[in-house]
2 protein chains.
Amino acid sequence: MAGDKSLIKGKKKYHHGDLRGQLLEAVRHLVEKNGADGFSIAEACRLAGVSTAAPYKHFKDRSEILRDVVFLAMGRLRDGMQAAADAHPPGTVARIAALGQSYIDFARTEPELFRMMFSQTDGHRDDAELAETGDNTFGIVIGVVADHLGVAVEDEEAKLRAYALWCFVHGHSFLMLDDKLHGEKMIDEGQLLLAVGAGMLPQR
Amino acid sequence: MAGDKSLIKGKKKYHHGDLRGQLLEAVRHLVEKNGADGFSIAEACRLAGVSTAAPYKHFKDRSEILRDVVFLAMGRLRDGMQAAADAHPPGTVARIAALGQSYIDFARTEPELFRMMFSQTDGHRDDAELAETGDNTFGIVIGVVADHLGVAVEDEEAKLRAYALWCFVHGHSFLMLDDKLHGEKMIDEGQLLLAVGAGMLPQR
DNA sequence: TTGCCAATGTAAGCGGCACAAACATATGTA
DNA sequence: TACATATGTTTGTGCCGCTTACATTGGCAA
C-alpha cells in the first residue's frame, strides 16, 4: 500500500496510467512557455517521461494533439465566460462588460494558448466539436445581449450587436497580446468595454 | 543579346541575380498556399532553384526571412489603406469606412499572410522597423478619425476612437478568416463599418 | 488460477528540415 | 591581371514527426 500510485524516483512503471492527459497538460504547458511554434511533441514526451513514439498510441498525429489541447482550452474559456455573466444581474450592461472582460482576461492569462485557439491554420476549421463549443460560447454572448435589449435570442439585432461586441473584444485581445500600442496606457479597458457593450462609443 | 537574362532551361547561371527577392517572393507564395506552418525554407529554395544553404548568405535564419516577408506585407497594407482613404473627401464617414474596408480586404485577399503578420510569436515584437510601419498605419487611422471629429491628431478621443475602430476591424477580420460564423450571412459588413465608423452601433 | 488478447509502452530507423562548415565560382576594382 | 568579397554548392549534424517491429502489462474468459 505504501507508495502505491506514487512514482518513486527510478521506479518507473511500464504503463503510465494517464499518458493521454499528461501529454495534453505537458503540451499546454510548453505552448504557454515557448509559444505555439516553439515546442515539440518530443519535448512533451520528455516531460511525461515516455518515449517519443508513445503519443501515437493515443493520438493520430501532432495535429490531433493540438486539436485536443485547443478543445479543452475552448471549454475553459466558455465556462469562465458563463461564470462571469452569472455574477451580474440579467439585462445589465455590467453583465455584458463582464463577459467581454472574461474573454480578455483569458487572453491575458494564457496568451499563447489563446493565440493558438485562433491560429488554426490546420484542418480544424471544419471540426464539429470545436465549432459547437465556439457556437455555445457565442450563444452566451447573444443571450446576454438579447436580455439587455429585451428581445428574444433569435432577434437579428441581438446577433448583430453580439457579433460587433465579439469583434471588438477579440480584436482588442490580439492587439494587446501583440503589444501594438507599445504599452501606451491610452485606453481604459473597462470603461471602453462598458461603452461598447451599451452600443456606442463615448461621445464628447 | 538573345536570351540575355532569361534562364533558359538547363543553362543555369551560378549567380542567381536576385536570390534575396526571389526567396521572399517564394516564401510569400508558399505561406499563402500552405499556411504559415505548412512551408519550409527548403521548399522555397526549390522554387528559386538554389541549394538549401543559399538563403543563409542573405538571411541570418528562418526567422529573419519571415520578418522581412511580414515587413513587406505591412508596407503594402499601409499603402493600400492610404490609397483607400485618399479616395474619399476628408472628414466623411465614408473615408473612415473605406479605411476599415481596405484592412478587411487585405485580410480576405491574403489571409495566411495577414494571419502571419499578427501571429508573431517569434522575437519580432521588439523590432523597431516593424513597429514603425505599424505605427504609421495606425497614424493614418487616427488622422482620418480626427478629421471627422474636427480635432487635432493629438486629441485623446481621436486616438481612443481610432483604436476602437481598429479593434473592431481587426477582430472581424480574424473571425471572418476563421469562419467563426460558419458562413452565416448575418452581417452587412459595409453597413456595420459605417455605423462603427460613425461611433455607434445601429439603433433599433 | 491460468492463458490469451488487446492496450500500451519501447527501440530503431526513415525522411525532412534548419543550420553550419568548408569549398567553388563569379564580380568589381586597384 | 590579381585579389578581396559576394554568393553559390556540397557535405554533414542534430532534431523532429512518424512508422514498424517488438516488449510488457492488465483484464477477462475458461
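Trainee: Which of the 21 residues around DNA strand C come nearest?

Mentor: His16(A), Ser51(A), Ala53(A), Ser40(B) and Arg62(B) do. A residue is near a strand if its C-beta atom, placed from the backbone, lies within 6 Å of it. This is a predicted model, where local features need pLDDT of at least 70, side-chain atom pairs count only at pLDDT 80 or more, and totals for chains, interfaces and linings use all residues. Residues are numbered from 1 along each chain as its sequence is written, while chains are lettered from A and ligands numbered from 1 in the order in which they are written.

Trainee: Which residues come nearest to DNA strand D?

Mentor: Ser40(A), Arg62(A), His16(B), Ser51(B) and Ala53(B), out of 21 residues around DNA strand D. Helix H2 (residues 41-48) of chain A gives the most to that surface, with 3 residues. For DNA strand C, the most comes from helix H2 (residues 41-48) of chain B, also with 3 residues.

Trainee: What makes something a helix here?

Mentor: Helices are DSSP runs of H or I with at least four residues, strands are runs of E with at least two, and both are numbered from the N terminus. By that rule chain A has 8 helices and 0 strands.

Trainee: How do the residues near DNA strand C divide by class?

Mentor: Into 10 nonpolar, 7 polar and 4 charged. Ala, Val, Leu, Ile, Met, Phe, Trp, Tyr, Cys and Pro count as nonpolar, Asp, Glu, Lys and Arg as charged, and the others, Gly among them, as polar.

Trainee: Why are H6(B) and H7(B) called oblique?

Mentor: Their axes are 8 Å apart and the packing angle is about 120°. Angles under 35 degrees count as roughly parallel, over 145 as roughly antiparallel, 65 to 115 as roughly perpendicular and the rest as oblique. H6(B) and H7(B) are therefore oblique to each other. The axes are lines fitted to C-alpha atoms, for helices over the stretch in contact, and angles run from 0 to 180 degrees between N-to-C directions.

Trainee: How do you know whether Asp126(A) is buried or exposed?

Mentor: Count neighbours: a residue is buried if 20 or more other C-beta atoms lie within 10 Å of its own, exposed if 12 or fewer, and partly exposed in between, with C-beta atoms placed from the backbone. Asp126(A) has 9 other C-beta atoms within 10 Å, so Asp126(A) is exposed. Asp126(A) lies in the loop between helix H5 (111-117) and helix H6 (128-149) of chain A. Across the 204 residues of chain A, 34% count as buried.
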